[in-house]
Amino acid sequence: MSKTIKNIFVEGAISPLFISDSIAKHATKKDIGAHSIFLGQIREDLVEGKTVQAIEYTAYEAMALKKMQEIRETLFSKYELSCMHVHHSLGRINAGEICLFVFTSSKHRSSAMEACNEIVERLKAELPIWGKEIFNDESHQWKLNS
């Protein structure tokens, strides 16, 4: 039996209401002792005298989703997670808006925290997702992950 690959992509910014609803839905799950959350937000950086106004995200979606499913399966067993939710924006996300929401749950805090961190690091390193920084003068450059 093959598992359904979860779609992590959302069009536009991730709303605070979506995030709070996701957290609230876990109140009925009484075997969870810890949650860890990472929120990625667009910074209004100054780059070579220009201000970043937004980042426009694109992805090779099929490949990214397949790779994310591999990461999901590996980390679920490695950290004995109860839940894992990953949401990444596509399209133009303005400075100050949320573009990445990672939410992990487990019986113990160290597992939830370590898994959340590893997901973020692996997502940045392994998934074919690209960000084009759009500046205040509407010029742009492709963002490099450091």
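Trainee: At what angle do helix H2 and helix H3 pack?
Mentor: This is a predicted model, in which local features need pLDDT of at least 70 and side-chain atom pairs pLDDT 80 or more, while totals use all residues. Residues are numbered from 1 along each chain, and side-chain values use heavy atoms, without hydrogens or water. Helix H2 covers residues 61-79 and helix H3 residues 109-126, helices being DSSP runs of at least four residues and strands of at least two. Their axes, lines fitted to C-alpha atoms with angles from 0 to 180 degrees, lie 11 Å apart and pack at an angle of about 160 degrees.

Trainee: Is H2 roughly parallel or roughly antiparallel to H3?
Mentor: The angle between H2 and H3 is about 160 degrees. Angles over 145 degrees count as roughly antiparallel and those under 35 as roughly parallel. Therefore H2 is, relative to H3, roughly antiparallel.

Trainee: Is Ser77 buried or exposed?
Mentor: Ser77 lies in helix H2, and its C-alpha atom is separated by 19 Å from that of Glu126. The relative accessibility of Ser77 is 56%. Because buried means under 20% and exposed over 50%, Ser77 counts as exposed.

Trainee: What is the relative accessible area of Ser106?
Mentor: Ser106 is placed in strand S6, residues 98-106. Ser106 is buried, and its relative accessible area is 1%.

Trainee: Which residue has the backbone oxygen that the side chain of Ser106 reaches?
Mentor: Ser106 lies in strand S6. At 2.6 Å, its side chain reaches the backbone oxygen of His108.

Key
Angles under 35 degrees count as roughly parallel, over 145 as roughly antiparallel, 65 to 115 as roughly perpendicular and the rest as oblique. Buried means under 20% relative accessible area, exposed over 50%, partly exposed in between (1.4 Å probe, protein chains only). A polar contact is a pair of N or O atoms within 3.5 Å; within protein, one must be able to donate a hydrogen and the other to accept it, and residues adjacent in sequence count only if both atoms are side-chain atoms.
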